[in-house]
Amino acid sequence: MNEPALTLDASIAPLTVRPTTIQLFRFSAATWNAHRIHYDQTYARHEGYPDVLVQSHLHGCFLSRAVRQWAPAGSVLRRLRWENRGIAVPGDELTVTGTITSIELADDGGGRVVQIALEEHNQDDELCARGSAEVLVAEGGGDG
Amino acid sequence: MSEHITGQYELLQTVVGTENTTRLGHLSEMDFSRFATAAGIDPADGADPAVAPHLYLGSVMGWGAGAPEADLAVDGTSTTETRGFPLTGVRLMGAGQDLEFHTPVRAGMEVTETTRLDDVQLKEGSSGQFITLHLVRRFRDENGTLLLTCRETFIGR
């Protein structure tokens with residue numbers, strides 16, 4: 001398996017997902033989230049939304065998956081931040097992109113600490129979430 | 001409605017800075033797996049099923065049996081699933097998190113959560129008043145080892 005580029009301003013491989021109503025229902029169940037806005041279309045429309053909404057935390061999971069998909073073997077995700085900036089509904093095509101913004105030696109010299117800026121857009125290029133991740137890449141991990 | 005939001009804001013101001021500690025119980029590998037499946041995490045990616053996905057602890061809204069349906073708000077939520085804050089008739093939506101992963105979270109751990117409301121603000125938007133809540137949640141295992149720090153923002157309308 002090719003190691004990803006570990007250079008400043010390099011992009012991580014995009015992750016594209018298309019959440020479904022079943023996924024939203026199961027995510028609500030797995031997180032004990034009874035908020036109707038995520039599984040009751042009539043209620044969501046009553047609230048003024050076009051459909052049930054992708055959960056805030058599920059957007060976070062998509063960002064996390066993109067980082068995990070990129071990260072060289074042995075990497076450790078140390079921090080993940082995101083802000084929800086726009087809604088998403090089932091059937092939307094959401095694409096997570098990321099850019100390496102910083103690479104520093106770890107304090108103990110055991111690897112490099114990589115900062116990644118993340119964004120998630122829908123099929124109309126509207127921003128749904130923005131965030132960042134901090135990954136400890138083990139010595140020898142990554143190509144660069 | 002704006003009077004109601006103002007009232008909830010004033011109520012929340014009285015609990016800013018106070019900490020609540022809750023025992024969440026023992027964590028289960030099955031719950032991890034269900035979360036991973038729902039989040040679309042590929043089981044073939046080699047993750048240890050006995051270790052929780054990174055966002056698991058911070059995403060779960062309720063850890064107990066839950067309130068009877070008759071006690072739920074019209075939107076389906078209850079205070080036990082809104083981080084325990086005294087919110088009545090406020091529609092709460094997650095707006096993001098800042099997660100620091102200190103220690104891998106493993107099945108069988110007995111976890112305790114300490115929640116503190118750091119700040120609450122009353123704001124004016126295009127569709128009326130709303131409140132923002134900034135809280136910090138810290139999760140520890142039975143030995144007091146810090147597992148996760150979760151700084152979280154909610155919007156209440």
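Helices (H or I, at least four residues) and strands (E, at least two) are DSSP runs, numbered from the N terminus. By this definition, chain A contains three helices and five strands, and reading along its sequence gives the pattern β-α-α-α-β-β-β-β. The C-alpha trace of chain A spans about 55 × 30 × 25 Å along its principal axes.

The model is predicted, with local features needing pLDDT of at least 70 and side-chain atom pairs counting only at pLDDT 80 or more, while totals for chains, interfaces and linings use all residues. Residues are numbered from 1 along each chain as its sequence is written, chains are lettered from A and ligands numbered from 1 in the order in which they are written, and side-chain values use heavy atoms, with hydrogens and water left out.

Helix H1 (residues 21-30) of chain A packs against helix H3 (residues 56-70) of chain A at an angle of about 105°, with the two axes 10 Å apart. Here, axes are lines fitted to C-alpha atoms, for helices over the stretch in contact, and angles run from 0 to 180 degrees between N-to-C directions. H1(A) is therefore roughly perpendicular to H3(A) (angles under 35 degrees count as roughly parallel, over 145 as roughly antiparallel, 65 to 115 as roughly perpendicular and the rest as oblique). From H1(A), the residues A:Gln23, A:Leu24 and A:Phe27 meet A:His57, A:Leu58, A:Cys61 and A:Phe62 of H3(A), where contact means heavy atoms within 4.5 Å. The residues of this contact comprise five nonpolar, two polar and no charged; Ala, Val, Leu, Ile, Met, Phe, Trp, Tyr, Cys and Pro count as nonpolar, Asp, Glu, Lys and Arg as charged, and the others, Gly among them, as polar.

Helix H3(A) also reaches across to the other chain. Its axis and that of helix H2 (residues 29-39) of chain B come within 10 Å and cross at roughly 85°, so H3(A) is roughly perpendicular to H2(B). A:Leu58, A:Cys61, A:Phe62 and A:Arg65 of H3(A) make this contact with B:Phe35, B:Ala38 and B:Ala39 of H2(B). By class, the residues involved are six nonpolar, no polar and one charged.

The interface as a whole can now be described. In total, 31 residues of chain A are in contact with 38 residues of chain B. The size of an interface is often given as the accessible area lost when the parts come together. Chain A and chain B bury about 2,800 Å² between them, 56% of it on carbon and sulfur atoms (buried area is the accessible area, with a 1.4 Å probe, that two parts lose on being put together, summed over both).

Between chain A and chain B there are 14 residue pairs in polar contact, both at pLDDT 80 or more. A polar contact is a pair of N or O atoms within 3.5 Å; within protein, one must be able to donate a hydrogen and the other to accept it, and residues adjacent in sequence count only if both atoms are side-chain atoms. On the side of chain A that touches chain B, the elements giving two or more residues are H1, H3 and strand E2 (76-84) of chain A. H3(A) gives the largest share, nine residues. This side of chain A has 13 nonpolar, nine polar and nine charged residues.

Side chains of opposite charge can pair when their charged atoms come close. One salt bridge (a side-chain nitrogen of Lys or Arg within 4 Å of a carboxyl oxygen of Asp or Glu) is counted between chain A and chain B. It joins the side chains of B:Asp98 and A:Arg79 (2.7 Å, N to O).
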